[in-house]
Amino acid sequence: MTNFSEHEFRKQPWFDQNNFPGFDQAIPMKSIVIYCFDPRAANIPNAIAAYFGDEVYPGENILDEAGNNVGSTQTLFTLSNAGGRAIGALQSVATMNHLFNNLERLIVVHHSFCGATSFEPNQLIEKFHDHYHADISNMWNHDDLAILDYDKSIRHDVELLRSSPATPKKMKIYGFFYDINSGKLTELLSDIPVAA
Ligand SMILES: [Zn+2]
C-alpha cells in the first residue's frame, strides 16, 4: 500500500493548521474566472486578464533553492465546467476564500455557440430517465442546467454568486459574454459592493 501523507501540509513540522495565515504569500490570488470547458473557449482567461489589465495570467511557478515548487506569480485563477456555470463553482469559491484572504473578483463568462444552448433542461433530465435510468430532476435548479438566453443566464449566475454564503460580501462580481469567433468580450453587468 502506498501512503502519500508525507506530502500533506498538515504533516509538515513547520505547518500549523490551527494558525494558518493563508497562502497569499506564496500565490497572490486575486480573481477567479468561471467559464466553459469547451476547448474553443480556452482563451477566455487570457482575454479577461487583458480586459482588466492588472492580472497576471498565465503566471510562473516560483522555485526555492532546492527546486521545490513553492509559489506562483499568477493572480487570475481558472475554474471551468459545462457552460461556465456559477452553480458548479461554489465549492471552489468557498475553499479559495478559506485558503486566501485577498480575493477581490469573481468573473462569470458564458460564450457563443455553447453546448448548453443546444437543449432545454427537461431534455437533459429525460435523457437520464430514458437512457441511464436515473432521476436527476431534483439535483439542481433547472435554470442552472441549460442556457436558454445569454442575458438571463449571465445575470442568473452573477445573482447566484452574490446570494450564496460561499461568496464573501466584499467580492466584486462580473458577468461577461465571449464571442468564440472574434474573441470579443462584452461586460454585461457588475455587482460591486460599496466599500465599508
Ligand atoms: Zn460552452
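**Aromatic pairs and a zinc site in a predicted model**

In this predicted model, one aromatic cluster is formed by Phe9, Trp14, Phe15, Phe20, Phe23 and Phe100.

Biologist: How many aromatic pairs does the structure hold, and which parts of the chain does the pair of Phe23 and Phe100 tie together?

Modeller: The structure holds 13 aromatic pairs, and among them Phe23 and Phe100 form a tilted one, with 6.3 Å centre to centre and 55° between the planes. Because Phe23 lies in the segment before strand 1 and Phe100 in the loop between helix 2 (90–99) and strand 5, the pair ties together parts that are 77 residues apart in sequence.

Biologist: Is Phe100 buried or exposed?

Modeller: The cut-off for buried is under 20% relative accessible area. Phe100 has 5% relative accessibility, and therefore counts as buried.

Biologist: How are the planes of Tyr150 and Phe177 arranged in their aromatic pair?

Modeller: The rings of Tyr150 and Phe177 lie 4.8 Å apart, centre to centre, with 70° between the planes. Since planes over 60 degrees apart count as edge-to-face, the pair of Tyr150 and Phe177 is edge-to-face.

Biologist: Which residues coordinate the zinc ion?

Modeller: In sequence the donor residues follow the spacing C-x74-H-x2-C, and the pair of Cys36, in strand 1 (residues 31–36), and Cys114, in the loop between strand 5 (105–111) and helix 3 (121–131), links distant parts of the chain, 78 residues apart. Cys36 counts as buried at 5% relative accessibility, and Cys114 likewise counts as buried at 3%. At 2.1 to 2.3 Å, the zinc ion is coordinated by Cys36 (SG), His111 (NE2) and Cys114 (SG).

Notes:
Residues numbered from 1 in each chain as written. Predicted model: local features only at pLDDT ≥ 70, side-chain atom pairs only at ≥ 80, totals over all residues. Heavy atoms only, no water. Donors = N, O, S within 2.8 Å, 3.2 Å for Na, K, Ca; no water. Helix = DSSP H or I, 4+ residues; strand = E, 2+ residues; numbered from the N terminus. Buried < 20%, exposed > 50% of the residue type's maximum accessible area, 1.4 Å probe, protein only. Phe/Tyr/Trp six-rings, centres within 6.5 Å; stacked < 30°, edge-to-face > 60°.
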